[in-house]
Amino acid sequence: MVKCIGVLTSGGDAPGMNAAIRAVTRICLNKGIKIYGVRLGYKGLHDGEFIEFDSHSTRNIINIGGTFLKSARFPEFKDPKVREEAIEQMKKVGIEALVVIGGDGSYTGALKLTEMGVNCIGIPGTIDNDIPDTDYTIGFDTALNTIVDALDKLRDTSASHQRCTILEVMGRRCGDLAVHAGIACGAEMIVTSESGFDEEEIIATLNKSKAADKKHAIVVITEHITDVNELAKRIEIATGFETRANVLGHMQRGGRPTAQDRVLATRMGIKAVELLIEGKGGLCVSTVKGEIVGLPIQEVLGHRRVVNEGIYEDVIKLR
Ligand code: ADP
Ligand code: F6P
């Protein structure tokens, strides 16, 4: 059985990562497995930034956002020689297997390490909810609630000034944050890469809304689709709505994890260690209809993410 495990967080941080680290640590200690925290993701793995954890190490972090192990983007890890050097560092302290908490890029690193003989299990830690074959990723629910909070505030001022308010949210190429927040806040228009960007449709929807005597409007849009400040100017001309654009930015990644994220992170952390105890590697932990399962990373990364069935149709029904 595996005797020593490392845990790291990689890529963009996500609320709930600390709860996952805590669960991994506690289950290891309960099973008599040595557990090292690896600072700064794959960079720390390469540089040997290891901290041996005991039962005190992960106290009082379950409710804290970010990742107390710190995270990093370390493109050098794509180089097999750099990964070899990381494996040498792990050997020095006896780390035999790894739990990697991160997004799809981090999963790729975990798969490559597994192929080089170090069993790795991925846990989906990203606010974007952009990993295939899992209903939710850790951090999505917290980020969603942060956006909802922001949109509720924007609605106050948007209504007071009878304006159209555009809010750009994160998600990389995944529209889940935009679509869920847009539904939760009654947005007039939700634009994501999945729904497509059709400026005429946006303007037609806002004009229809105006014709129905609505005095203000909210548009939620996923990042990387268009320049929202320029879009605001065009909407203003085409609809007569005075329009303001907002980019919510990195505050979406911070804050106390919601209960849902803490529970998901805890259950996934336990599952990851159980899989390593079974001698498995190259898997990632997913939640599928409420069940926590291990799936092959290679297959998961080969799949296209399926958006919640019917969600875009529901959005359109309320326009
Ligand atoms: P995320 O994990 O959130 O998708 P990134 O795409 O930035 O974030 O990936 C996080 C880290 O994973 C990268 O900085 C790099 O260290 C590692 N990584 C990404 N792609 C690869 C790859 N093809 N091979 C090895 N490591 C990778
Ligand atoms: O993957 C999480 C995420 O916050 C994305 O939503 C966003 O596109 C990206 O990371 C931002 O990355 P950075 O923190 O490097 O600016």
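## Ligand 1

A backbone N or O atom of Phe74 sits 2.6 Å from an oxygen atom of ligand 1, a polar contact in the sense of a pair of N or O atoms within 3.5 Å. The model is predicted, so that local features need pLDDT of at least 70 and side-chain atom pairs count only at pLDDT 80 or more, whereas totals for chains, interfaces and linings use all residues. Residues are numbered from 1 along each chain as its sequence is written, chains are lettered from A and ligands numbered from 1 in the order in which they are written, and side-chain values use heavy atoms, with hydrogens and water left out.

Around ligand 1 there are 17 residues, of which the closest are Arg73, Phe74, Gly103, Asp104 and Ser106; a residue is counted here if one of its heavy atoms lies within 4 Å of the molecule. A backbone N or O atom of Gly103 is 2.9 Å from an oxygen atom of ligand 1, and an N or O atom in the side chain of Arg73 lies 3.0 Å from an oxygen atom of this ligand. Taken alone, ligand 1 exposes 550 Å², and the protein buries 86% of that, with accessible areas from the Shrake-Rupley method and a 1.4 Å probe.

## Ligand 2

Arg73 also belongs to the residues around ligand 2, among them Thr126, Met170, His224 and His250. A polar side-chain atom of Arg73 lies 3.0 Å from an oxygen atom of ligand 2, while for Asp128 the corresponding distance from a polar side-chain atom to an oxygen atom of the ligand is 2.6 Å. In the side chain of Arg253, an N or O atom is 2.7 Å from an oxygen atom of ligand 2. On its own ligand 2 has 390 Å² of accessible area, and the protein covers 76% of it.

## The sheet and its helices

Seen as a whole, the open sheet has 7 strands in the order β3-β2-β1-β4-β5-β10-β11, with mixed pairing; two strands pair if DSSP finds at least two bridges between them, and strands (E, at least two residues) and helices (H or I, at least four) are DSSP runs numbered from the N terminus. The edge strands, each pairing on one side only, are β3 (50–52) and β11 (291–296). Strands β5 (residues 119–124) and β10 (residues 283–288) run parallel and are joined by 2 bridges, and Gly122 stands opposite Cys284 in β10.

Helix α9 (residues 259–277) lies across β1, β4, β5, β10 and β11, running at about 165 degrees to β5, where axes are lines fitted to C-alpha atoms, for helices over the stretch in contact (heavy atoms within 4.5 Å), and angles run from 0 to 180 degrees between N-to-C directions.

Conventions: A polar contact is a pair of N or O atoms within 3.5 Å; within protein, one must be able to donate a hydrogen and the other to accept it, and residues adjacent in sequence count only if both atoms are side-chain atoms.
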